[in-house]
Amino acid sequence: MDPSRREFLKSGLFGVGIVSLALVAYDRYGRTPAHAALPELMGPLQTTADENTGLPLLRLPEGFRYRTFSWTGSTMSDGRPVPGRIDGMGVVKQEDSRVTLVRNHELTGSTGVIGAVGDSYDNTGGGTTTLIYDIRDESLVASWVSLSGTMGNCAGGVTPWGSWLSCEEAVFSPALADLPVPDRQLFWNVENAQREHGFVFEVPAKGVARPEPILAMGQMYHEAAAVDPDSGMVYLTEDLSPKCGFYRYIPDKPGNLVAGGLLQMMAVQQARDMRDGLALFEKLDVAWVDIAEPEKGNTRGSRSGNGVVTQGLEAGGSAFVALEGCEVHGGNVYFTSKLGGSENAGYIFEYDPRQEQIWLVHESPGHDLISGPDNIIMSPRGSLVVCEDRVNRNKVGQSLNGLTREGVMFRFCQINPILEGQFGGHDLQDTARNSEWAGVTFSRDGEWLFCNVYNPGMTIAITGPWREGLI
């Protein structure tokens, strides 16, 4: 990397010097959603066959190729079937050509444990699987259940010490089981749950996790977790509507998260409400408020699951909505709001902890352009890679997109919208219509992009002629 570019990236992905260019791009691509389409800056997308199954699953630019592996229902190395609802994922280790991935399974309380009962936290269906993929041989080497008995494991994040933080997007307290079920919890069938849920669990790169919840990180509808390698702080998103919070966890012992720490919510000084009405690139000052009782995930007398965000808002924190992916890069923090903005189609934020300032770097002008930005990762070549979880699913074929340093959103990869037929008992037409992208991550050399298709559930390895400044 040349020195000028390194300094540019240190200043943040979207610096003041490029605001005018970014605004031009936004006007061009964002203000006319009825007529605009996302540009395909890496070349026109074309239907491309999976080199493993031969199925035309994806549309990619010319020169890119991919292999799918570890489909839901196939058999893993430990003899267990691959669980479904494959969600967040990260590279936790790489030795030579062998890449170790840990991925989440957003399963609920009614599906039964995915691993051994003796290794499970509870009698519930969520957890993680670990995969070892050889990028030289382009083949899956090993796979096994690495966390079991959790619930709704949605997103998470890789730690600098080589583990995975798996986050539960489900709040449940057995002592409150007789109270009326809130709408949010109707999605999660929790009839089998016997323990408290709504926590973060740490999964090692090798073996099976000791399923110990990190209580001080809060009981909430967790989404992503991103560790700042310099400070040891963990930034946390919460997927709750109509109000949620953005948090940081300051561990008492950096690198030992379960030993305790302080949970805080972001308080934007000029905006108590960060859900709508924000101007692109306007820098806002940030403070933080303490969460007095992070283990209380429910407000008194209810099963609401909003106990932590209520504490934060009452202390002066700012309200966000449906927060999703989170990434630390170059000292700055990037995170997404799936329902943010005037069209409820998505916001993307950048936060500078050194200056204690936050600003909006992207607002989707409509669901036809980009809908529901979710998991994110920074490409080694300079753009933010954004998984789409389309809120409005009238259009088929969700996309993996890039967001350049100049503020231009572009399409890189798309689920083939005309998929049909069956494969391994899976309805491919349903995949085209309803499945989301998740778990985007890169091999350490940056040559392979790994990602998940949530339904029917498989992992994909993509490689090709990556482009500097893009992906």
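Predicted model: local features only at pLDDT ≥ 70, side-chain atom pairs only at ≥ 80, totals over all residues.
On a 1 Å grid over the protein atoms alone, a pocket is an open set of points with protein on both sides within 12 Å along at least five of seven lines, and its lining residues have an atom within 4 Å of a point. Residues are numbered from 1 along each chain as its sequence is written, and side-chain values use heavy atoms, leaving out hydrogens and water.

**The largest pocket**

- Of the 41 residues lining the largest pocket, those closest to its centre are V158, E327, V328, I377 and T441.
- β4 (86-95), β8, β11 (222-227), β16 (323-329), β20 (373-378) and β26 (437-442) each give two or more residues to that lining; strands here are DSSP runs of E with at least two residues, numbered from the N terminus.

**The β8-β9-β10 sheet**

- Strands β8, β9 and β10 form, in that order, an open sheet with antiparallel pairing, where two strands pair if DSSP finds at least two bridges between them.
- The edge strands are β8 and β10 (200-204), each pairing on one side only.
- From one strand to the next, the twist averages 30°, with axes as lines fitted to C-alpha atoms and angles running from 0 to 180 degrees between N-to-C directions.
- Strand β8 (residues 153-158) has 5 of its 6 residues buried, so it is largely enclosed by the rest of the structure; buried means under 20% relative accessible area with a 1.4 Å probe, protein chains only.
- β8 is joined to β9 (residues 163-168) by 4 bridges, and N153 stands opposite E168 in β9.
- These two strands make a hairpin with 4 residues between them, and G162 in the turn has a positive phi of about 90°.
- On to the next pair: β9 and β10 share 5 bridges, with P204 in β10 as the bridge partner of S163.

**The β4-β5-β6-β7 sheet**

- A further open sheet has 4 antiparallel strands in the order β4-β5-β6-β7.
- Its edge strands, β4 and β7 (139-150), each pair on one side only.
- Direction ignored, neighbouring strands of this sheet are turned by 20° against each other on average.
- Between β4 and β5 (residues 98-105) there are 7 bridges, and G90 has V102 in β5 as its bridge partner.

**Strand β19 and its partners**

- In β19 (residues 357-363), 7 of 7 residues are buried.
- Strand β18 (residues 347-352) pairs with β19 in the antiparallel sense over 6 bridges, and Y351 stands opposite I358.
- The β18-β19 hairpin has 4 residues between its strands, with E356 in the turn showing a positive phi of about 50°.
- Strand β15 (residues 284-290) also runs antiparallel to β19, joined by 2 bridges, with D285 opposite Q357.

**A buried lysine**

- K338 sits in the loop between β17 (332-337) and β18, and is buried with a relative accessible area of 16%.
- Its side chain makes a polar contact with the side chain of E324 at 3.2 Å; such a contact is a pair of N or O atoms within 3.5 Å, and within protein one must be able to donate a hydrogen and the other to accept it, with residues adjacent in sequence counting only if both atoms are side-chain atoms.
- Not counting residues up to four places away in sequence, K338 touches several others, including D239, V321, D374 and D389, where contact means heavy atoms within 4.5 Å.

Key: Buried < 20%, exposed > 50% of the residue type's maximum accessible area, 1.4 Å probe, protein only. 1 Å grid on protein atoms, 1.4 Å probe; cavity = no way out; pocket = protein on both sides within 12 Å on 5 of 7 lines; lining within 4 Å.
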